[in-house]
Each structure stands twice: as structure tokens, then as C-alpha cells.
Amino acid sequence: MGVKRSLQSGGTLLTILANVLTVLSTATNYWTRHHQGHSGLWQECTKNTCSNIPCQTTLAVTAACMVLTAGFGTAAMVMGMRITCHKGEPLRARTTVSLLFLSGLLLLTALIGYTVKNAWKDDVFFSWSYFLGWLALPFYILAGFCFLLADMILQSTDAISGFPVCL
């Protein structure tokens, strides 16, 4: 297995890991903890009773960015698997790279927005769902760079293929 194929396989695995972390982070209710309970993007739980959080602009933007991150990440994952498993004429990965970097940017926007909203509260502590989101961020970026480097190798191979080379 060559360097290009290794980078594509690594990018696909990193994308899968980032997607799993993003979906877990988005779906769970442990973004913050406080002395009475915990809350997430969708529900707040106090003393074993969970209720839906009323609409707040910052929370709605965070939730929308997280859902978009998961959607774009899933599309990038499918495209990455197609590129990695494709036989014959090699496929370019520009769209996959763009989707992975866009997912990282949306995730960063969501997490910074949520941090700004809750960082100044005295009795609120960030919890594991929030940290899963931060953990997914470098995986999206690294996966994007893996596919970008593999695409650069493919592009350079195509560029020199017409030249007679004597080694």
C-alpha cells in the first residue's frame, strides 16, 4: 500500500472517528453541569427530571452548527470511502477536503459560541459532551490534511507522467 492510499485510509478513519464524536456530543445532555443537574443542546435535567430548553439564539446557532457539522462530516465520510475503495482511474478529493474543513469550521463556531455563552457563569462547569466536540475538531482537520496531501500526490503524479524519466 502506497503513501497515497495510506493517507486516504487514514483520512477516512479520522473522518469516521470525528463523526462518531460529533454525533455523541450533539445527542447527549451533558454539555454543562451545575449543582442541580446537567444540560445539553436540547434538554436541561434537574433532579432526575428532564425538560426541553426554551429557544435561545446562541443555543439554536450552536445546535444548528453541530447538526450541519454532522451532516457535512457524514457526506465527507461517504466520499472518502468512495475515494479509498475506488479501483481504476484515481478520484480527486477536492470536495472531500472542502467538506472536512467546513465541518471543522462549523464545529469551531458552535463550540466557541457555546463557550462564550456559558464561560462567565459561576456555578456552571463544562462536561464530557462538550469536550467530545472539542476532541472531534482536530480529527476533522487532520482528515482534511490527509486527503489534501493524497490529492497533491495524485496531482504531482499526473503532472510528471508525460515526461520521460530515466532512473
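A residue counts as buried under 20% relative accessible area, as exposed over 50%, and as partly exposed in between (1.4 Å probe, protein chains only). The model is predicted, so to be read with these limits: local features need pLDDT of at least 70, side-chain atom pairs count only at pLDDT 80 or more, and totals for chains, interfaces and linings use all residues. Residues are numbered from 1 along each chain as its sequence is written, and side-chain values use heavy atoms, with hydrogens and water left out.**View 1. Overall course of the chain.** The chain holds 4 helices and 5 strands, taken as DSSP runs numbered from the N terminus (helices H or I, at least four residues; strands E, at least two). From the N terminus, the elements follow the order α-β-β-β-β-α-α-β-α. The radius of gyration, 20 Å, is well over the 15 Å that the globule rule gives for 167 residues, so the chain is more spread out than a compact globule. That radius is taken over C-alpha atoms, and the rule is 2.2 Å times the number of residues to the power 0.38. Along its principal axes, the C-alpha trace spans about 75 × 25 × 25 Å.

**View 2. The open sheet.** An open sheet of 5 strands has the order β4-β3-β2-β1-β5, with antiparallel pairing. Its edge strands, β4 (49–52) and β5 (125–126), each pair on one side only. Two strands pair if DSSP finds at least two bridges between them.

**View 3. The β3–β4 pairing.** Strand β3 (residues 43–46) pairs with β4 in the antiparallel sense over 4 bridges. Cys45 has Cys50, in β4, as its bridge partner.

**View 4. Burial and contacts.** Of the 167 residues, 40% count as buried. Among contacts (heavy atoms within 4.5 Å) between residues at least 6 apart in sequence, 69% join residues at least 24 apart.
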